[in-house]
Amino acid sequence: MAGIKKTCLKCKKNIQEKDLHKIVIYVVQEKFTEHYYEHVECPDRFTV
């Protein structure tokens, strides 16, 4: 899955390979519809 751009659903920033993230999958009537990525702990919520 290398080379796929992932954008966080919450903050809209690109998710780097090293960033913790989760995949959000929507299933409607037992059919896979869409999926989104978002940071596990969204970077906009805290400062490092």
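Biologist: Is Glu38 buried or exposed in this model?
Modeller: This is a predicted model. In it, Glu38 counts as buried because its relative accessibility is 7%, and buried means under 20%.

Biologist: Where is Glu38 found?
Modeller: Glu38 is in strand S2, which covers residues 31-39.

Biologist: And its side chain, what does that make a polar contact with?
Modeller: The side chain of Glu38 makes a polar contact with the side chain of Lys10, at 3.3 Å.

Biologist: Which residues is Glu38 in contact with, leaving aside neighbours within four places in sequence?
Modeller: Cys8, Leu9, Lys10, Ile15, His21, Lys22 and Val24.

Biologist: Which residues make up the largest nonpolar core?
Modeller: There are five: Cys8, Cys11, Ile15, Tyr37 and Cys42. Among these core residues, Ile15, Tyr37 and Cys42 are in contact with Cys8.

Biologist: Now the surface. Which residues make the nonpolar patch?
Modeller: Ile23, Ile25, Val27 and Phe32 make a nonpolar surface patch of about 390 Å².

Biologist: Which strand gives the most to the patch?
Modeller: Strand S1, residues 21-28, gives the most, with three residues.

Biologist: Take Ile25. Where is its place, and why does Ile25 count as partly exposed?
Modeller: Ile25 is in strand S1. Ile25 counts as partly exposed because its relative accessibility is 44%, and partly exposed lies between the 20% limit for buried and the 50% limit for exposed.

Conventions. Residues are numbered from 1 along each chain as its sequence is written. This is a predicted model: local features need pLDDT of at least 70, side-chain atom pairs count only at pLDDT 80 or more; totals for chains, interfaces and linings use all residues. Side-chain values use heavy atoms; hydrogens and water are left out. A nonpolar core is a set of buried Ala, Val, Leu, Ile, Met, Phe, Trp, Tyr and Cys residues joined through side-chain atoms within 4.5 Å. Buried means under 20% relative accessible area, exposed over 50%, partly exposed in between (1.4 Å probe, protein chains only). Contact means heavy atoms within 4.5 Å. Helices (H or I, at least four residues) and strands (E, at least two) are DSSP runs, numbered from the N terminus. A polar contact is a pair of N or O atoms within 3.5 Å; within protein, one must be able to donate a hydrogen and the other to accept it, and residues adjacent in sequence count only if both atoms are side-chain atoms. Patches are made of residues with over 30% relative accessible area and no salt bridge: like charges are joined within 9 Å, nonpolar side chains (Val, Leu, Ile, Met, Phe, Trp, Tyr) within 5 Å. Accessible areas come from the Shrake-Rupley method with a 1.4 Å probe; for residues, only the protein chains shown count as cover. A salt bridge is a side-chain nitrogen of Lys or Arg within 4 Å of a carboxyl oxygen of Asp or Glu.
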